[in-house]
Every structure is written in structure tokens, then in C-alpha cells.
Amino acid sequence: MDGANLIGITSKRQFLSATDLIVERHAEVETPAIGLKRTSIEGTPAEEEELKNAYANLRRQLSARRIERQAGRAVAHWHEDQQAAEVLRKDGKFESFGYSKQGKLYLEYYEALFLLELNRLQLEYCEMIVSVEQAYVLLLGEAASEKFNNYLVYSTLSRAGYIVVKHQANTTTSTSTAAVVTSEHCIWALLDEALGHKPVPAHIKASSLYKATKERWSEVKQQIMSHQTTTLEDDNSLDFKFETRKRKAQSQPQEQSKRICRDKPTKSLVNHLKAEPSFKKFQEIFEKLDIIQLQLTDDDSEMNKELRHFKISFDLHLHNEGFRRSAPKSPTFSVVILPTDEPFPTHDELLQCWRQQLSHAVPLLVISVSESKQIQAFLYYIS
Amino acid sequence: MEFVPHFKRKRSNSKDKIKIAPFPLCAEGQRGYQGVFTGLCVEVVDTEQARIRTLHDNGCYGKGSCSRGGPVSGEADETLLLGLEEACLLTFFLEVLEIRDVLGNVMDWNSYMQAALEYDKDFPYKLAAYLYLKSKNWIIKSGIKFGGDFLIYKHGPREFHASFLVLVQTPAENIHSHYAAKNLKGVQRVAETSDKDVLVLSVNQFPDFEPKLATPTTLQSLTIQETVIRRFNYSAFVQTKQTK
């Protein structure tokens with residue numbers, strides 16, 4: 001045989017050795033951060049050069065080949081019209097992801113993107129596999145929208161270890177209970193308000209029974225109070241420990257009659273120092289100064305003000321509390337996302353937001369997204 | 001989640017612990033202290049009958065003109081500088097102080113109010129917030145060093161760190177000034193360095209309330225809403241829950 005008959009075979013693919021695979025799989029992708037943080041553009045040539053280098057560096061890192069395992073991916077198909085990804089093949093546990101509709105499992109856009117980023121999902125669209133870069137445009141849209149913040153918060157909180165699900169406000173079960181508010185609901189809501197420092201939810205307030213129940217409630221309360229004048233203080237306060245201590249010394253009838261006519265709930269957050277001996281000693285002077293009162297949360301006149309509306313986006317559950325998608329328990333937190341330039345909710349705005357929940361026992365977590373896409377959580381305590 | 005305020009005790013020598021009362025009291029019908037309204041504050045001079053040290057020690061009112069806190073420098077001409085709200089409380093509610101203007105005329109409520117409004121247009125609202133907190137047994141100092149309106153203490157700055165940095169939200173046009181993200185996060189970070197909470201007191205008024213003509217009676221129509229906003233470490237929270 002001569003050389004003319006030889007056929008050279010060159011592989012179209014390149015195969016990496018095992019060592020290369022390991023090295024490339026764990027490539028460090030961090031932009032170098034040197035010097036102080038700068039907040040405004042100066043426009044100097046040196047700065048432009050630096051920016052150009054930074055962008056080039058970023059591009060180089062982003063366009064580097066990444067190596068991931070192909071096995072262990074679920075497969076889903078993106079439905080543009082429904083804005084949801086239908087899961088075609090499950091792989092792994094899907095307990096805290098997606099929702100079922102007509103026997104099919106769908107993923108929300110943020111869930112699909114999150115799983116895609118973690119290499120647990122192969123997303124297909126028009127018979128093609130969607131790349132990560134394409135997925136960003138496809139799932140979040142090209143125009144700026146709240147979807148970016150939603151995804152950012154979703155992925156950060158999921159990585160932190162929460163089960164993040166869409167806020168369950170209008171599920172069928174809860175709307176049906178909302179439709180029939182019995183006087184029992186009203187009483188529980190009032191009890192919660194008086195003892196547990198929780199505002200009455202809007203759907204109970206709107207009920208025709210609420211007003212009647214509330215009137216009876218205050219009647220009964222008045223009756224109980226006038227029977228047992230010595231325990232009068234207890235009705236006005238949340239802090240039992242200090243009241244029992246104080247009650248022993250308290251026996252001036254004049255003082256009590258004053259309390260009755262005032263009859264205000266003291267749900268203040270700064271009442272703690274009334275337990276101090278100095279308060280008892282100078283009680284008369286303190287009461288003389290007590291001319292400005294806490295605004296009652298029940299007062300609806302405040303609602304006439306122009307309030308911004310804050311939407312509850314997500315519910316947070318903890319992993320070790322036995323979360324089940326089909327029957328979610330009361331979440332640990334509900335999340336309100338605050339866009340970058342939005343001022344924080346005020347007292348009334350937060351109260352309004354709180355009231356739109358059906359299960360008002362859940363604390364609200366206000367999550368602010370900063371300019372640099374950092375997220376920070378805040379808890380409110382209101383009087 | 002239940003709200004519990006921070007009470008952080010200061011490391012202090014036992015010898016300078018003084019039993020203090022929340023109010024300096026004079027004999028019935030006597031205004032023992034004499035103050036002069038300077039336009040910025042009310043300056044009280046030390047006299048044999050009425051020691052400014054006593055005024056400061058009973059409720060921590062004012063600041064010594066030659067000292068960091070109370071008038072302890074020992075200088076002969078040291079005076080006690082009272083904030084406008086403090087002076088108002090001592091004069092018109094506790095009646096232990098008499099305020100004169102720089103010309104020596106005694107100031108009544110109206111003239112004091114006018115003068116205070118020139119210095120601070122929100123004075124009636126701040127006074128309302130001050131009285132609100134005072135009636136709940138807090139020791140109140142100026143919050144300027146932490147970027148707020150008041151700092152409130154249990155027992156006073158000698159024994160405790162301040163529990164709250166108080167911001168007074170007046171019903172003025174710019175309702176969101178304290179709630180702007182960068183402002184709120186700013187004061188929060190400052191307050192957190194010494195375990196304080198940021199307490200926003202929103203003062204609400206009826207439409208007919210006229211701050212320029214406020215009297216102790218009309219002040220009663222004001223109401224207050226309390227808001228505490230705390231930063232919440234969500235990742236630490238989830239980790240402590242998981243290890244349980």
C-alpha cells in the first residue's frame with residue numbers, strides 16, 4: 001500500500017483530559033477588586049482605560065468554556081404564551097418548585113432560571129436548548145421590569161436556604177373562607193388584635209358582622225372591667241409581668257376612674273420603662289405629661305391619605321418544617337420587594353400591606369434591592 | 001415576632017452611680033432655676049439655691065457648657081445648656097424654670113413658642129414627640145450625634161446605652177424624607193454600631209391644627225405612630241433554624 005490510500009481522521013471534537021476537566025470546572029470567576037469603591041464617573045482617560053480593561057476581563061471570563069455535568073438535568077419546555085416552563089422530565093426532588101395545572105407541572109420563570117443556573121434544568125424553546133444567556137432574555141424579558149428584582153431576590157433567598165414560593169394570596173381555599181366571614185372570625189381577629197398586636201385583616205373588617213361584633217366586644221370588655229376594678233390595668237396592657245407587680249400597690253380609686261374614661265389600648269413599643277420603680281414614684285407627674293396619645297390603628301381616617309401600594313411577592317418557608325407544595329403551612333415570612341429608588345413603606349403603608357394578607361400572623365420582610373444589586377432585609381415593628 | 005428593645009448596660013464604676021429621680025422638683029410654687037433663651041438653647045446659671053448639677057442629675061437635662069455631659073468640669077462660670085424641648089418641659093409643665101429673653105423679659109408660652117419656631121419650624125411636633133416619650137419614663141437627649149432627633153435611654157446615659165435613636169416624622173409635605181432608602185439605611189448603620197434601634201415617630205394632626213398657635217391644649221389633638229425598622233440577617237436566621 002502506498003501513502004495515497006491513507007485516510008487521515010481528525011476528530012471534530014476535542015476531548016479534555018481528566019485533569020483539564022477538573023481545572024476548568026472550578027475556574028475562579030471573580031473580577032479583581034483593588035482600591036476604594038468609587039461611586040461616580042470622573043471621565044478621565046485613565047478611568048476609561050480601566051473600564052475598558054474591566055469590561056474585557058469580564059467578557060473573557062464570561063465567554064470562557066464552562067464545564068458542567070450533563071446528567072441529572074430535568075427537562076422543561078418554555079411556553080411563551082403562559083410565561084411558564086412545562087416540566088417534561090423530572091430529575092431529582094421538585095418538592096419546592098413549580099405548580100401543577102391540569103396534571104402537568106409548570107415552573108415559574110424565576111424557578112426555571114434558577115434551576116438552569118444551577119445546571120439542574122435543560123430548558124427547551126422551539127425545539128432548541130436554551131443557553132443561560134438566552135434564558136435571561138427569554139425568561140426575564142429584554143425591557144427592564146420587576147422580574148429582574150424578583151429573580152434576584154428569589155435566587156438569593158433560595159441560596160441562603162429558604163424555600164421561596166409565590167405569595168399565596170388568592171388560592172381557592174382562602175378566597176372561599178374570605179367569602180364567608182362569620183362572627184367567630186371577627187372575634188378571633190379582635191382577640192388577635194388586642195392580645196397579639198396584629199392588625200385586623202381587611203376582609204374581616206369589610207364584613208358587615210365586624211362592626212356589630214366589635215360593639216359587643218367593647219360592651220363585654222366594659223362589663224368585665226367595671227366588675228373587677230382592681231384588675232383594670234390588665235386590660236390595658238400587654239405586659240402582664242409588670243402589671244401584676246404594680247397592681248399590688250395600686251389602690252387609689254381616683255386613679256382608676258381616670259383610666260376608664262381614657263380606655264385606650266396601649267400597644268406602644270416603648271412602654272417598657274413604666275415598670276420601673278421611678279415611674280411608680282412619680283406617676284402623677286408622668287400622667288400629667290401624658291397628653292399625646294398613640295394613634296389607634298383601627299382609625300380608618302388615616303386610610304384616606306395617599307398611600308403607595310406594596311405587593312407581597314413571595315412566601316418564605318423553612319426546610320426543616322416539612323414544607324409540602326400541595327398543602328403549604330403558614331409561611332415564616334412574607335416578602336415585599338422594595339425597588340432601588342423607592343422609599344421604605346411608612347407606618348400606614350405597611351399596615352395596609354399587612355392587612356391584605358389573609359393569614360395576618362405572618363411577619364412581613366421588606367427586602368430592598370440596592371443599586372449594586374445587593375439585597376438587604378428589614379423587619380418592621382409597628383404600634 | 002415579638003419586639004424587645006435593647007437595654008445595654010454601660011461598664012461604669014459603682015462610685016459614680018447616683019440615685020436619680022426623673023424630675024428635678026422645687027418647693028411648691030417656686031421656680032428655682034433661671035434661664036436665658038439665647039436663640040439656640042436655654043442657658044441656666046448656677047446659683048447657691050439652685051445648683052445646675054442637681055437639675056442635670058435628676059433626669060439628665062441639658063449639657064454643661066464646659067463638659068462633655070453634665071456640668072462636672074468644676075469651672076466657676078459653667079452654665080447648663082438646655083435644649084428647647086427640655087426647657088419647655090421644665091418651664092411650662094414641671095414649672096421649675098423661668099425663661100427670660102436676652103433683654104431680661106420673662107417669656108410666656110406664646111413668646112417662647114414664637115422664638116422656638118424661628119429656630120426650628122417643626123418645634124411643636126418635636127415637643128409632642130418629646131412629651132410622648134417623657135411620659136413613658138425615658139431619659140431623652142439630643143440625637144444629633146447619631147443623625148436623629150433624640151436618643152432615649154433607660155436610666156440615663158451614665159448607666160445604659162441609648163435604646164433608640166428617634167426620628168420625628170412631621171406631617172409636613174415631604175412625608176418620605178425619613179423613609180428614603182439611603183437615609184434610613186444610613187441612620188440604621190450608625191445606630192446599630194451601639195445596639196440601638198431606629199424608632200420613627202410619625203406625628204399626625206387634624207387639618208385644623210396650626211403649629212404656630214400650638215398650646216398645651218391643642219397639642220393634645222396630635223397623635224403618634226411608632227415604627228421600628230430593624231435590619232434582618234436572613235442568612236443567619238435560616239442557619240440557626242436549621243441547626244435546631
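Colleague: Which residue takes a positive phi just after H3(A)?
Modeller: This is a predicted model, in which local features need pLDDT of at least 70, side-chain atom pairs count only at pLDDT 80 or more, and totals for chains, interfaces and linings use all residues. Residues are numbered from 1 along each chain as its sequence is written, while chains are lettered from A and ligands numbered from 1 in the order in which they are written. Helices (H or I, at least four residues) and strands (E, at least two) are DSSP runs, numbered from the N terminus. H3(A) takes in residues 109-117, and the residue with a phi of about 60° just after H3(A) is Asn119(A).

Colleague: How many of the nine residues of H3(A) are buried?
Modeller: A residue is buried if 20 or more other C-beta atoms (placed from the backbone) lie within 10 Å of its own, exposed if 12 or fewer, and partly exposed in between. Among those that pass in H3(A) are Tyr109(A), Glu111(A) and Phe114(A). H3(A) is mostly covered, and the number of its residues that are buried is eight.

Colleague: How do H3(A) and H4(A) pack, and what does that make H3(A) to H4(A)?
Modeller: Under 35 degrees is roughly parallel, over 145 roughly antiparallel, 65 to 115 roughly perpendicular and the rest oblique. So relative to H4(A), H3(A) is roughly antiparallel.

Colleague: Which residues in H4(A) do those of H3(A) meet?
Modeller: Two residues are in contact if their C-beta atoms, placed from the backbone, lie within 7 Å. From H3(A) come Tyr109(A), Ala112(A), Leu113(A), Leu116(A) and Glu117(A), and their partners in H4(A) are Val132(A), Ala135(A), Leu139(A) and Leu140(A).

Colleague: In the six-strand open sheet of chain A, what is the order?
Modeller: Strands pair if DSSP finds at least two bridges between them. The pairing in this sheet is mixed, and the order is S3-S4-S2-S1-S5-S6.

Colleague: Is Pro328(A) buried, partly exposed or exposed?
Modeller: Pro328(A) sits in the loop between S9 (312-318) and S10 (333-338) of chain A. Leaving out residues up to four places away in sequence, Pro328(A) touches Val165(A), Gln168(A), His317(A) and Phe323(A). Because 15 other C-beta atoms lie within 10 Å, Pro328(A) is partly exposed.

Colleague: Is Cys41(B) buried or exposed?
Modeller: Cys41(B) is in the loop between S1 (33-37) and S2 (42-44) of chain B. Beyond four places in sequence, Cys41(B) contacts Leu81(B), Leu82(B), Gly83(B) and Leu84(B). With 22 other C-beta atoms within 10 Å, Cys41(B) is therefore buried.

Colleague: Which element gives the most to the side of chain B that touches chain A?
Modeller: The contact draws on 46 residues of chain B and 43 of chain A. Elements that give two or more residues to the chain B side include H4 (123-134), H5 (181-192) and S9 (197-204) of chain B. With ten residues, the top contributor is S10(B).

Colleague: And which residue of S10(B) stands opposite Leu294(A)?
Modeller: S8(A) (residues 293-294) and S10(B) pair in the parallel sense over two bridges. In that strand of chain B, the residue opposite Leu294(A) is Ile224(B).
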